[in-house]
Amino acid sequence: MKFERLFEPISIGKVNIKNRIAMAPMVPGGLVDHDGGFTQRAIDYYTERAFGGVGLIISGCTKVSEKVEPRTTLMFVNRRSISSFSELAESVHYYGTRIFIQLTAGLGSVIVGSVIDSGFKPVSASAIPAFWRPNVTARALTTEEVEEIVDAFGKAAQLLRAAGIDGIELHGHEGYLFDQFSTAIWNKRNDKYGGSLEDRLRFPIEVLNAIKDKAGKDFPVVYRYGLKHYMKGFRTGALPHEDYVEAGRDVAEGLEMAKLLEKAGFDGLHVDAGSYDSWYWAHPPTYQPHGCMVDMAAEAKKCVTIPVITVGRLGIPELAEKVVAEGKADIVALGRALLADPHWPRKAREGKVEEIRPCTGCHDGCLHREMYQFKPISCAINPATGRERLYTLGVVTQPQKVLIAGGGVAGMEAARVAAIRGCEVTLYEKGEKLGGHLIAGSVPDFKRDIKRLLDWYVIQLERLGVKIRLQVEVTPELIKKEKPDKIIIATGSTPI
Ligand SMILES: Cc1cc2nc3c(=O)[nH]c(=O)nc-3n(C[C@H](O)[C@H](O)[C@H](O)COP(=O)(O)O)c2cc1C
Ligand code: SF4
């Protein structure tokens with residue numbers, strides 16, 4: 001096998017995982033029901049990734065209480081929604097995949113602006129400006145309110161374990177509520193939850209203890225956090241290699257945290273970087289190099305013995321294998337790479353790297369779509385994401401002769417799908433090469449993933465037997481001669 005280390009089993013606590021590949025937590029926006037449970041579309045979406053061979057799925061962040069902060073569009077563990085969690089667990093277990101639910105204390109001061117506009121006063125560790133509405137000051141949670149949230153975590157974990165869920169990840173990264181408590185710049189409290197680093201970590205550690213108490217000591221709990229915030233100040237992030245004074249957490253404190261979290265009894269760490277102020281770390285766009293946060297995980301790994309998960313543009317199998325083989329992390333989490341191609345793990349295991357549809361790092365069809373357009377999660381280059389059942393590409397009963405004009409990305413995708421469905425496809429391109437705008441778009445170094453996507457299409461069309469006619473313009477005469485059943489015009493468009 002080409003990627004041997006990636007396919008070695010590993011355990012988090014007592015839970016055995018069949019390989020070193022995890023699906024990174026991603027809120028399945030739009031696939032959640034009114035009670036906060038998973039819809040059938042969400043179950044199909046996760047099950048497709050399990051079928052594709054991922055060892056561990058970590059769900060998107062999920063609430064345990066609505067008391068101090070509204071749920072908005074997130075999942076929510078409660079007696080009405082819990083059956084959908086058990087349905088999901090059964091479904092992914094069928095493929096030997098483990099599932100952890102990522103539980104969040106809440107968004108706190110980074111809650112979306114529209115919720116604040118509707119009259120809700122954001123909460124946080126202390127009275128700090130709301131990220132999206134800086135003229136609004138968040139209210140500091142009372143000690144009793146924090147204790148109530150701790151209690152709710154224990155109850156949620158108990159329900160989840162009974163429902164067949166394998167473990168929990170706590171959502172402590174990127175400046176969300178747990179992070180607001182654990183970071184000095186946001187936590188100015190005088191009660192037991194403020195002060196030294198140990199005191200600032202009291203909230204997540206009490207949550208850990210509540211989970212272990214209610215769900216069992218052997219129910220594994222991972223903590224996700226950023227080793228470093230890359231933050232120059234409120235709403236001002238730092239760039240890679242920039243010389244600046246860290247306003248949030250620096251690496252030294254991040255490493256101290258790793259030791260304290262292990263000592264407290266966490267079963268694993270999921271290490272990334274950044275905060276809302278420097279979002280391009282936690283959500284690395286195409287401008288960030290592949291594996292841009294591996295160094296953070298590698299530093300943490302030197303300080304602890306529990307498994308360390310790394311994340312961030314790790315969709316190149318050779319790189320993922322190298323990270324594990326060099327001991328920089330124990331598990332590689334893939335987020336968008338699994339949206340673009342749910343069968344990434346299976347293809348890597350079979351050594352069919354060129355078959356993997358590569359994520360281009362655009363964020364257009366995933367994060368942007370769900371956060372700013374309020375549409376269900378999907379992927380710009382894999383529209384079946386989030387619609388797995390609907391977009392099953394079955395073979396047509398009456399195969400058609402399909403003529404496609406235009407060999408850009410739309411024409412190539414149309415050709416690919418029509419050929420998979422059993423049609424006889426001819427793709428005409430006026431220029432010398434397939435690719436259209438992808439050709440010019442893939443020239444800059446930081447857009448090499450677009451070239452990988454173009455190469456993937458060329459390989460797919462060849463394998464599927466699509467006839468490609470380069471430097472041929474589609475004319476009425478050509479159509480009369482070829483007599484296609486269907487014509488698809490994919491010669492480009494102008495945005496409306
Ligand atoms: C659509 C979307 C939703 C996300 N939701 C969450 C989330 O609920 N919890 C979390 O910790 N990270 C979330 N993330 C961040 C991912 O877990 C991951 O860290 C990030 O996408 C970088 O990894 P990647 O390059 O493999 O995609 C989300 C990312 C995306 C694209
Ligand atoms: S929409 Fe873009 S960034 Fe998101 S998964 Fe798809 S290709 Fe990757």
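Visitor: Which residues surround ligand 2?

Guide: In this predicted model, the residues around ligand 2 are Arg336, Leu339, Cys359, Thr360, Gly361, Cys362, His363, Gly365, Cys366, Cys379, Ala380 and Ile381. By class, seven of them are nonpolar, four polar and one charged.

Visitor: What makes Arg336 the charged residue of this shell?

Guide: Arg belongs to the charged class, together with Asp, Glu and Lys. The shell includes Arg336, and its count of charged residues is one.

Visitor: What is said of the space taken by ligand 2?

Guide: That space is the largest cavity. A cavity is a set of points where a 1.4 Å probe fits but cannot get out.

Visitor: Why is Arg469 called partly exposed?

Guide: Arg469 has a relative accessibility of 35%. Buried means under 20% and exposed means over 50%; the value for Arg469 lies in between, and therefore the residue counts as partly exposed.

Visitor: Where is Arg469 found, and which residues does Arg469 touch?

Guide: Arg469 is in strand S19, which covers residues 467-470. Leaving aside residues up to four places away in sequence, Arg469 touches Thr426, Leu427, Tyr428 and Glu429.

Conventions. Residues are numbered from 1 along each chain as its sequence is written. Chains are lettered from A and ligands numbered from 1 in the order in which they are written. This is a predicted model: local features need pLDDT of at least 70, side-chain atom pairs count only at pLDDT 80 or more; totals for chains, interfaces and linings use all residues. Side-chain values use heavy atoms; hydrogens and water are left out. A residue is near a molecule or strand if one of its heavy atoms lies within 4 Å of it. On a 1 Å grid over the protein atoms alone, a cavity is a set of points where a 1.4 Å probe fits but cannot get out, and a pocket is an open set with protein on both sides within 12 Å along at least five of seven lines; lining residues have an atom within 4 Å of a point. A molecule sits in a cavity or pocket if more than half of its atoms lie within 2 Å of its grid points. Helices (H or I, at least four residues) and strands (E, at least two) are DSSP runs, numbered from the N terminus. Buried means under 20% relative accessible area, exposed over 50%, partly exposed in between (1.4 Å probe, protein chains only). Contact means heavy atoms within 4.5 Å.
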